[in-house]
Amino acid sequence: MIISYSDFSLSKVKRDFNLTTVESGRFLPETQSIEPSIYLKEALSEGLPLATATGSEKARSELIISLILVKVRKILEHKVSFFSGEDFTVASDLGLSEVCNFLISRSHEQIFIKAPVIVILEAKKGDLKPGLGQCAAEMIAA
């Protein structure tokens, strides 16, 4: 049986990759807020109600997340690449394969996904716990 990122539960990914979880402290450093552009504010004010009303993951992806990630790329002066719906097979024998919703690469090259990579996932139905295994597996691949 072939497995992929979405087949991992948190307990499976911890067991398979000998991981431990740490539930205290900050993972990321403090950062300074950036004021969104007028364009992003307008696009989100139009897209957010549509994405919320449909409840569709695809609508949220297209109307919210993509807009924000394109803006991130612009802020970083196109020194990163942005991928949506791309195959991110790193080690299929370990289950580290599947099409990922969103990836950002530190490379400015847009043709190929190149390390280092940030993987972006969304919570399933507003609940983080069911997606933690998939998130951890994709982080290992990244």
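Visitor: What makes the lining of the largest pocket nonpolar, polar or charged by class?
Guide: Ala, Val, Leu, Ile, Met, Phe, Trp, Tyr, Cys and Pro count as nonpolar, Asp, Glu, Lys and Arg as charged, and the others, Gly among them, as polar, and by that sorting the lining has 19 nonpolar, 6 polar and 5 charged residues. This is a predicted model, in which local features need pLDDT of at least 70 and side-chain atom pairs count only at pLDDT 80 or more, while totals for chains, interfaces and linings use all residues. Residues are numbered from 1 along each chain as its sequence is written, and side-chain values use heavy atoms, with hydrogens and water left out.

Visitor: Why is strand S2 called mostly covered?
Guide: Buried means under 20% relative accessible area, with a 1.4 Å probe and protein chains only, and 5 of the 7 residues of S2 (residues 99-105) are buried, so the strand is described as mostly covered. A strand here is a DSSP run of E with at least two residues, numbered from the N terminus.

Visitor: How do you know that S2 pairs with S1 and with S3?
Guide: Two strands pair if DSSP finds at least two bridges between them; 6 bridges join S1 (residues 81-87) to S2, and 4 bridges join S2 to S3, so both pairs meet the definition. S1 and S2 run antiparallel, and S2 and S3 also pair in the antiparallel sense.

Notes. Buried means under 20% relative accessible area, exposed over 50%, partly exposed in between (1.4 Å probe, protein chains only).
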